[in-house]
Amino acid sequence: MPFPDIDPVALSIGPLQIRWYALAYLAGFLIGWKYVLYLVKKDQDKGITPQHIDDFLTWAIVGVIVGGRLGYVLFYQADVYLRDPLEIFKVWHGGMSFHGGALGVIIAMIVFAARRKIAVLRLTDLVCCAVPIGLFFGRLANFVNGELFGRVTDVPWGVIFPHGGDLPRHPSQLYEAALEGLVLFSAMAVLAHKDPVRNRPGILSGVFLIGYGLSRIVIEFFREPDVQLGYLMGFVTMGQVLSVPMIVFGLILIARAMRRPADARDAV
């Protein structure tokens, strides 16, 4: 299949260009924010209010952007940025890491919860329910940009990407949009409406970490490794390596939550 003729620039106003990638981030934040507000209103007695969520939105945006950028710098191209540190601030040149963005938001949630005196795991549970929304739109934007494509394949739906050579490749961005986005969101949504799960802070966060980690590990077998890194130890990718701690920590969160009585309000 030829790559669809989609302009990565959604709208141009004079010299100003608005890209689909930027709109994907915007959609993820806005729809995710509204979804978290919906979940909060279902549990108004859990200590977190809509005002908390409104206030945290700015923290989340900063955590994603700063963490995502620094994560990419540290995990994927540290040598390049050591040679030219000012390149770190040129985010318009591209380069964001989900794992770094996740770490940035985790730090933001811990600090925010401590300052507002709310249970951090209740906040992380809510936010984790919304993260797949952003992942869905972000991966679609990766496809539009023709980046982060998959390995060479002979499947009928293989796509010839503009920067991927003359051979068809897996549209791994769409695989990720489906698995990390739609499937993970659906699973989290079902669990979020189960009282035994919702009333044990940490379970939803753990399920998200495990779900994303497993999804990313599987999809990395179809995705072309980062050209500057290739395979680590000859057979694994950086994305797979960074996903393993997510799964381990997710299992710890679930095990810890299951040992607590349901509706433990002092969860941290």
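**Notes on a salt-bridge network and its helices**

1. Start with the charged side chains: a network of salt bridges links R139, E176, E180, R216, E220 and R223. A salt bridge here is a side-chain nitrogen of Lys or Arg within 4 Å of a carboxyl oxygen of Asp or Glu. Side chains of opposite charge can pair when their charged atoms come close. Searching the whole structure turns up 8 salt bridges.

2. Before going on, a word about the model. It is predicted, so local features need pLDDT of at least 70 and side-chain atom pairs count only at pLDDT 80 or more, while totals for chains, interfaces and linings use all residues. Residues are numbered from 1 along each chain as its sequence is written, and side-chain values use heavy atoms, with hydrogens and water left out.

3. Which residue does E180 pair with? Its salt-bridge partner is R139, and the closest N and O atoms are 3.4 Å apart. E180 sits in helix α6 (residues 172-192) and R139 in helix α5 (residues 120-145), so this pair ties together parts that are 41 residues apart in sequence. Helices are DSSP runs (H or I, at least four residues), numbered from the N terminus.

4. Are E180 and R139 buried or exposed? E180 counts as buried, at 0% relative accessibility, and R139 is buried too, with a relative accessible area of 8%. Buried means under 20% relative accessible area, exposed means over 50%, and partly exposed is in between (1.4 Å probe, protein chains only).

5. Now look at R223. E176 forms a salt bridge with R223, with 3.3 Å between the closest N and O atoms. E176 is in helix α6, and R223 is in the loop between α8 (203-219) and α9 (238-259), so the pair ties together parts that are 47 residues apart in sequence. R223 also has a salt bridge with E220, where the closest N and O atoms are 3.6 Å apart. E220 counts as buried at 3% relative accessibility, R223 does at 5%, and E176 is buried as well.

6. Back to α5 and α6, the helices that hold R139 and E180. They pack at an angle of about 165°, with their axes 8 Å apart. Axes are lines fitted to C-alpha atoms, for helices over the stretch in contact, and angles run from 0 to 180 degrees between N-to-C directions. The two are therefore roughly antiparallel to each other (under 35 degrees is roughly parallel, over 145 roughly antiparallel, 65 to 115 roughly perpendicular, and the rest oblique). Ala, Val, Leu, Ile, Met, Phe, Trp, Tyr, Cys and Pro count as nonpolar, Asp, Glu, Lys and Arg as charged, and the others, Gly among them, as polar.

7. Helix α5 has another partner. Helix α4 (residues 98-116) packs with α5 at an angle of about 150°, their axes 10 Å apart, which makes α4 roughly antiparallel to α5. The contact includes F98, V105 and M109 of α4, and V120, L123 and T124 of α5. How many charged residues are in the contact of α4 with α5? There are no charged ones, alongside 11 nonpolar and 1 polar.

8. Finally, α8 and α9 pack at about 155°, with axes 7 Å apart, and that makes α8 roughly antiparallel to α9. Their contact divides into 16 nonpolar, 7 polar and 1 charged residues.

Notes: Contact = heavy atoms within 4.5 Å.
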